[in-house]
Amino acid sequence: MTLWWSTLCVAAPLLAAVLLFIRPKWMAGIALVAVTLVLVGALGLASVLHDSGPQFIAIGGWGAPLGIGWRIDGLTVTMLLMAGIVGWPVTLYAHGYFGGAAAGRHFWPLWMLLLTALCSLFLSNDLFNWYVTLELLGLSAVALVTLSGKKAALDAAQRYLYTGLVGSLFYLMGVALIYNDYGVLDLAVLREVTEPSLALWVALGLMAFGLLVKSALFPLHFWLPAAHGSAPAPVSAILSALVVKGAFYILLRLWFDLVPATLPDAVSLILGGLGAGAIIWGSLQAIRATRLKMLVAYSTVAQLGYLALFFPLSESGQWGDAALTGLVYFMFAHGCAKGAMFLAAGNLQRAAGHDDLVSLAPTAQALPVSMFAFAIGGVSIMGLPPSGGFIAKWSLLNAAIGSGGWIWVAVMIAGGLLSAGYIFRVLSLSFSESGDEPEPGPELVPVAKSSEWASLLLASIALLLGLNALPMLDLLSIGLPRAG
Amino acid sequence: MTVTDFYALVGVALFVMGLSALILRKRDLQRILGLNIMGTGVFMVLVTSALGQGQPADPVPHAMVLTGIVVAVSATAFALALSLARERHK
Amino acid sequence: MPRLIERCLPVLAGAGAIALGALIAAALLRTPENDGAMARAALEALPDSGVGNPVTAVLLNFRAFDTLLEVAVLLLTLVAVWALDLRLPRTEALPASPVFSSLLRISGPLLVVIAGYLLWVGASEPGGAFQAGAVLAGGCLLLRLAGRWNPGAGFVRWAASVGLLVFLLTAIAMPALTGGLLQYPHASAGMWILLIETAATVSIAAILTALFVAREPGETRP
């Protein structure tokens with residue numbers, strides 16, 4: 001049964017992609033069905049995990065070291081659930097956003113292929129398979145950015161493409177070095193076999209560099225704000241919520257299974273320092289942003305910094321588990337919250353025809369559902385209870401305090417305050433000065449009801465993650481990766 | 001240094017030369033060529049890892065390179081089309 | 001100040017590149033021979049794979065999932081290029097000349113035959129779907145440049161997707177036959193591989209040709 005659930009996650013979107021390519025007119029329900037099936041598959045895997053613990057699947061019946069292996073543990077299932085849970089409202093939103101327009105015709109196969117790549121990536125446990133999934137993921141993401149057709153989007157897409165390809169090639173060179181040394185690609189086998197050596201360090205350095213470029217960790221984030229800020233709204237949501245997590249997931253797996261225990265502490269401190277830089281710098285840029293979508297994009301840069309904070313915290317022995325739990329919960333909650341914020345921003349932009357913050361107030365007051373969704377997403381980003389973001393930050397803070405990493409505590413608190421800065425900047429649009437007559441706003445383009453409710457749905461999930469954390473945390477802890 | 005080592009070094013040299021071209025050159029076509037050369041360098045390193053002393057050649061890196069070439073061709077095609085789209089947008 | 005950075009950048013980049021290259025080279029050269037676990041496993045399992053060529057066995061049997069995703073990458077590229085909506089002028093047919101006509105008459109069918117041969121021989125010698133697809137694409141392009149071939153949107157879409165469709169449907173049908181994803185039944189493995197490769201050849205040729213043309217067929221231009 002495990003095989004069926006995992007196959008469902010990969011085969012459903014892939015089949016949908018082909019069908020939507022052949023006959024775009026069928027798009028009405030196929031994509032939604034495919035995302036639902038991914039969710040079903042993820043839930044099925046969750047129940048298998050709960051009953052029988054971590055599993056390994058050998059594709060084609062060829063076990064390690066020859067064939068490609070799929071690995072199912074708490075981390076995998078959480079990520080698959082994230083892909084399904086975030087993907088569903090985004091798909092619903094995209095129906096309303098594109099309507100029957102020509103751009104929409106190409107969106108659907110691209111989105112389905114992206115989802116296939118993402119699910120294959122989360123399931124995989126093989127170095128070269130990850131390369132292929134990274135390329136599929138990256139190329140579909142770039143293609144989705146180009147859909148708005150604007151010059152800014154094309155420029156941003158080109159930068160994203162070149163940077164992404166450099167990242168992939170660095171990763172592949174690292175894989176080549178590892179294969180040259182050990183003759184194996186399967187991570188489970190490599191975990192047992194690798195020993196610290198120059199080749200391993202160089203390979204890990206190359207792979208880490210490539211993956212960090214693709215995860216947009218400061219200062220390698222330069223491609224992200226333009227790309228996420230100028231893409232169509234559902235694409236921005238997909239990119240910020242899901243795509244950036246893909247490369248980071250691989251880095252996480254390598255951290256546990258390939259990186260030797262003799263890694264100098266300095267390395268994780270440097271990574272943490274870069275994370276801190278991302279949080280501070282990204283938040284400041286968000287506060288300074290003039291366009292709503294750029295604000296949300298810079299917020300992504302800042303939030304991705306929290307991911308890097310995991311590395312120094314994971315070194316701290318008994319607090320490593322808390323740090324990992326916080327990290328994964330953070331990725332999930334951020335996915336929901338950031339997705340909701342981008343969908344809401346897209347509604348505002350569609351209604352007003354622009355997203356300049358200075359003149360968005362009348363539009364914001366005309367779209368209360370979207371603003372409410374943005375607010376709830378913002379609550380999770382700020383890390384306020386009762387949201388998923390709060391649970392995640394709480395775990396990370398616990399790990400930091402417990403291991404004596406006071407600098408990280410300070411950084412996280414500062415990050416929370418700064419994020420409040422830019423979130424409230426947007427929320428203040430909803431409120432007019434007391435006593436003023438509401439200004440007659442410009443003509444607003446009507447926004448589909450489904451689009452508004454889709455953003456609210458996604459935001460509510462971020463909230464639910466906070467209210468109902470225990471089942472999720474239990475699931476996560478089954479087969480939690482630990483450094484060998 | 002054996003012949004295999006020499007080819008591996010050539011691969012590494014191509015990799016860094018392609019990277020330099022990507023960073024230093026300004027024109028799209030030169031950058032795309034740089035990416036291609038980088039890719040070729042990685043493929044060369046992979047192929048040299050297939051050669052063993054007196055053993056039959058290892059088929060796995062060959063398969064990896066074949067896959068890599070197809071991916072590189074796809075990426076190049078898309079990069080060229082994107083460059084063209086940007087040019088026509090002016 | 002920016003001028004200074006601009007002048008220094010080539011030097012910095014060059015130094016950085018040399019340092020990086022030296023580092024990777026050192027890592028490569030210092031490494032002892034790997035014990036080739038995957039290589040041995042592949043060559044040992046070769047008789048069970050249904051084909052005689054070890055590379056084809058790896059590509060289409062042992063690590064077929066990678067190849068499935070790779071065919072998906074090709075299709076993705078086609079959609080991505082179509083999404084860019086490049087309004088290229090229609091490819092003018094090359095002027096008819098005796099040289100070109102005879103070239104077409106001879107090489108067109110020859111390329112198709114070579115493609116078929118490469119596809120067939122891939123089971124035992126170097127060859128296979130990608131090589132055959134590329135050669136076939138060359139033939140299709142020749143016809144296209146001669147103005148002799150202008151397939152409609154439906155044909156192109158079906159031709160481009162048949163490879164991925166056959167591959168995917170085979171992959172998910174296998175659990176019903178053998179219990180494993182992409183696990184071919186032992187006796188008929190060669191036949192399944194040939195089926196997938198044939199569909200893939202058609203698709204690869206169609207996609208490569210369509211990428212060259214870059215305009216989405218059936219699109220009306222204002």
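**Figure 1. Chain B is built from three helices and zero strands.** Helices (H or I, at least four residues) and strands (E, at least two) are DSSP runs, numbered from the N terminus. Along the sequence, the elements of chain B follow the order α-α-α. The model is predicted: local features need pLDDT of at least 70 and side-chain atom pairs count only at pLDDT 80 or more, whereas totals for chains, interfaces and linings use all residues. Residues are numbered from 1 along each chain as its sequence is written, and chains are lettered from A and ligands numbered from 1 in the order in which they are written.

**Figure 2. The dimensions and packing of chain B.** The C-alpha atoms of chain B occupy a box of roughly 60 × 25 × 10 Å along the principal axes. The radius of gyration of chain B is 16 Å, while a compact globule of 90 residues would have a value near 12 Å; the radius is taken over C-alpha atoms, and the globule rule is 2.2 Å times the number of residues to the power 0.38. Of the 90 residues in chain B, 53% are buried (20 or more other C-beta atoms within 10 Å of the residue's own, with C-beta atoms placed from the backbone). Two residues are in contact if their C-beta atoms, placed from the backbone, lie within 7 Å. Among contacts in chain B between residues at least 6 apart in sequence, 48% link residues at least 24 apart.

**Figure 3. The interface of chain A with chain B.** Here 20 residues of chain A contact 23 residues of chain B. On the chain A side, the elements giving two or more residues are α5 (127-145) and α6 (151-182). Helix α6(A) gives the most, with 15 residues. This side of chain A has 14 nonpolar, three polar and three charged residues (Ala, Val, Leu, Ile, Met, Phe, Trp, Tyr, Cys and Pro count as nonpolar, Asp, Glu, Lys and Arg as charged, and the others, Gly among them, as polar).

**Figure 4. The interface of chain A with chain C.** Contacts join 45 residues of chain A to 46 residues of chain C. Two or more residues on the chain A side come from each of α1 (2-22), α4 (102-123), α5, α6 and α8 (198-215). Helix α5(A) gives the most to this side, with nine residues. By class, the chain A side divides into 30 nonpolar, 13 polar and two charged residues.

**Figure 5. The pairing of strands β1 and β2 in chain A.** Strand β1 (residues 55-58) runs antiparallel to β2(A), and four bridges join them; strands pair if DSSP finds at least two bridges between them. I57(A) has W70(A) of β2(A) as its bridge partner. In a regular strand the side chains alternate between the two faces of the sheet. In strand β2 (residues 69-72) of chain A, G69(A) and R71(A) on one side and W70(A) and I72(A) on the other are all buried, and both faces are covered.

Figure 6. A80(C) counts as buried because 29 C-beta neighbours lie inside 10 Å. Not counting residues up to four places away in sequence, A80(C) touches L110(A), L139(A), A143(A) and F78(B). The C-alpha atoms of A80(C) and L211(C) are 9.9 Å apart, although 131 residues separate the two along the chain.

Figure 7. The mean pLDDT of chain C is 88, and 97% of its residues score at least 70; pLDDT is the predictor's confidence in each residue, from 0 to 100. Within chain C, confidence is lowest in helix α1 (residues 2-29), with a mean of 86, and highest in helix α4 (residues 64-83), at 95. For the complex, the predictor gives an ipTM of 0.97 and a pTM of 0.95.

Technical notes. Buried ≥ 20, exposed ≤ 12 C-beta atoms within 10 Å, placed from the backbone.
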